[in-house]
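Take a look at the model before reading on.

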Amino acid sequence: MRSMALGLVFGAWWLQQQAVLPSLQAALVLVPSPLILYAATRFAFPVRKIAVFVCAALFGFFWAATFATIRLSDELPKDWEQKSIDIIGVVASLPEVTERGERFQFDVEKVLTKAARVPEHISLNYYREVESEKPENAPSLTNHFHAGERWQFTVRLKRPHTTYNPHGFDFEAWALTENIRATGTIRNKSGYKKLNDFVWRPRYLIEQAREKIGDRITQALVNKPYAGVVRALVVGDDSQISQVDWNVYLRTGVNHLMSISGLHITMLAGLAFAIAAFVWRRFPKLVTRMPTRKAATIFGLIVAVLYALLAGMSVPTQRTLFMLMTFALALLFGRNLAISRALAIALMVVILLDPWAVIVPGFWLSFGAVALIAYVSVGRLAAQHWLKEAVNTQWAVTLGLLPLLIAMFGQASMVSPLANAFAIPVISLLVVPLAILGSLLSLDFILHASHFVLTICMQGLNWFANIPMATWQQAAPPAWALIPAILGVCWLLLPRGFPQRWLGLVLLSPLFFVNLPKLAEGEMQATILDVGQGLAVVVQTKNHTLLYDAGPRYSAQNDAGSRIVIPFLRGEGVKKLDGFMISHNDLDHSGGAASVLAQVPVTWLASSFDLSETGKPSRRIKCFAGQHWRWDGVDFEVLYPNLASYEDDNLTDNNRSCVVKISSRFGSLLVTGDIEKEAESVLLQANIHKLASDVLIAPHHGSRTSSTPEFLAAVAAKHAIFTVGYLNRFKHPKPLIVNHYEESGALIHRSDYHGALQIDFARSNPIEIKAWRQSRPKYWHDSY
């Protein structure tokens, strides 16, 4: 059973590493599998286990390939991207409130536009209009769309294509796991038409219940600081938790508690079991009909199923529910079942139902935590004191999950054992039951009691989060270091007195002593991050790092600084920025700056606008032509704007962008921000002899107002990079401008097509630009 489960997981995981899906004809290799298994029964025990593992891995590989082939076939044709399409369908998820409207998943039932083809399941954004501009039948500011409603919309869609960066979040993979095959917006001026108030299907009924309960919590706890957390604990919607609170949970290692998790389901089911058993024993007639233990098990399982449905059946929820169901069935049928077998059954059920679970971090963390608990608790000859057992379990989970946390996120909480020991009983035994009870009974005072307890808990978590060195951060370790690290953890968790415990530390050490390729004197690496319609460039020399711009702000809780720049810096082992330059005061360049400044130490900050509100760092300067510094044999020089231009109130923000040339012995890079023709003209007059560069980041994303032929001729770049968002509303880069670059002889690179771009200026090879989408392709990524 265990070999089969591990093989199935490995096969599904291996499929997710492929750049191209295999042909289903290749699945013919599965035909001889029964013969292999039959032949293996004649051999020794290890041979049988290996045969089972290999056959299960092959089955898992092609099972996942079949699911992927079917799902990818339901796609939006590229010819229909950003075109108006009339559709009819049903709101299929709990609507998520955004700054300007709401977002929800939508099941498409019918496409009204002739010849158009639309995937069956999509994600839609609705942006509210000014009251005077709203169509007659558009929802008012307080009249949201609701789960289960049938609507007719005019939409504009695009394929699920977004940013792709080293150490970053892969939205396209997430969209595939959620079966979101297109994203888009509702055309407000085309009007709306509600066709039915509710479509009676079990899934929509569940989503409607989640929505009503969530709205009930929001109304009862209006203006309460942690209302979003209570909502997440009851219905699994964590969209209203602030980024500040998420940072606290990450630093203390309790983020798994702040939405519906397997732990909450287990403890709630246990509480229901205890209550049912207490009541059942009080009625002898009931006991004679069914033993108390079985009756309580059924009641506890029912509570677990209902709570899991409220959670939206996330991976940790599925894992816990399937394990509880396995144990419950074994108990009801009088079978003793080892926890390892129950875990194996849960693994197989999850993979068979959702092969993409293996690319979700929660899959490995949730199953890993249960496996660790089983590893340290099963097989003891005598029961331990409850406190000692709790301490040992918490230590095992903290140490055991350390390799996975470092590999996946580049950080781990050092205060997690203490913070979890404090938060787990408070959240799971007090906050969650009170929140559920108050929501179902519509009793505000119970919800307020839940929030009050949570507020006290948050005070403790904030104290833990403010401890110096609350988190360990480091560069992403090489993939090979993960296997010995896991073996080392298992070795360290062996019973006391086991010989050669030091071997566990030896196996664990490669995870922390990462030797990243070191740049030599005079070498540099520039990474143009894919931030959508915006700019963020990280330049690294032997011992220094410069960040030029921090990308756009996507929403009040979401920006490129926190989602892209910081994960990249952390993954590269950059613990501080020696310099941070913000070209100008446009949100697509400065929107992520606040997040970077809040989480990364910065030596100095330079820009072309007032930085007094940033607060830190203490050294803040204006950029102006003539500034120059040298790091590790690499020269940095500001070419624009002139210091006198700061007195010109008529100069636009774009034309005040900081322009920097970075030169090494092995090549040069010109970073231009959003300068336009006027600024290019000034540069040609004042610094024409300094403009020549090997690589040029195109001014203003390739707009018509920039990149004059004269400027391109002076720069004479071999490579030109356009930092643009996929199908951006400005339609950058303009075809005319692209033609100018092609006529100048430059090779064209685009962040929307190629993802992040890494440029190595090194002695060992000529200038090389590595496109992240080409170097790390996955079968679900679009190719260009």
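Phe-104 and Phe-145 are both buried, meaning under 20% relative accessible area, where exposed is over 50% and partly exposed lies in between (1.4 Å probe, protein chains only). This is a predicted model: local features need pLDDT of at least 70, side-chain atom pairs count only at pLDDT 80 or more, and totals for chains, interfaces and linings use all residues. Residues are numbered from 1 along each chain as its sequence is written, and side-chain values use heavy atoms, with hydrogens and water left out.

- Rings of Phe, Tyr and Trp (its six-membered ring) pair if their centres lie within 6.5 Å; planes under 30 degrees apart count as stacked, over 60 as edge-to-face and the rest as tilted.
- The count of aromatic pairs comes to 36.
- Phe-104 and Phe-145 have ring centres 5.2 Å apart and planes at 55°, so the pair is tilted.
- This pair links distant parts of the chain, 41 residues apart: Phe-104 is in strand E3 (residues 101–111), and Phe-145 is in the loop between strand E4 (121–127) and strand E5 (150–158).
- Helices (H or I, at least four residues) and strands (E, at least two) are DSSP runs, numbered from the N terminus.
- Phe-104 also forms a tilted pair with Phe-153, at 6.4 Å centre to centre and 40° between the planes.
- Phe-104 lies in strand E3 and Phe-153 in strand E5, so their pair ties together parts 49 residues apart in sequence.
- Phe-153 is buried, as is Phe-104.
- One aromatic cluster takes in Phe-104, Phe-106, Tyr-126, Phe-145, Trp-151, Phe-153 and Tyr-192.

**Charges over rings**

- A charge sits over a ring if NZ of Lys or CZ of Arg is within 6 Å of the ring centre and within 35 degrees of the ring normal.
- Lys-575 has its charged end over the ring of Trp-472, 5.9 Å from the centre.
- Lys-622 lies over the face of Tyr-646, 4.7 Å from the ring centre.

**Cysteines**

- The structure holds one disulfide, a pair of cysteine sulfur atoms within 2.5 Å.
- Cys-623 and Cys-658 form this bond, with sulfur atoms 1.9 Å apart.
- The torsion about their S-S bond is about -80°, so the disulfide is left-handed.
- Cys-623 is buried at 0% relative accessible area, and Cys-658 is buried at 0% too.
- Cys-55 counts as buried at 8%, and Cys-457 is buried at 1%.

**Helix H17**

- In H17 (residues 482–492), Pro-484, Ala-485, Gly-488, Val-489 and Leu-492 are buried.
- Seen down the axis, the buried residues of H17 fall within an arc of 145°, so they line one face of the helix; the arc is that of the directions from the helix axis to the C-beta atoms.
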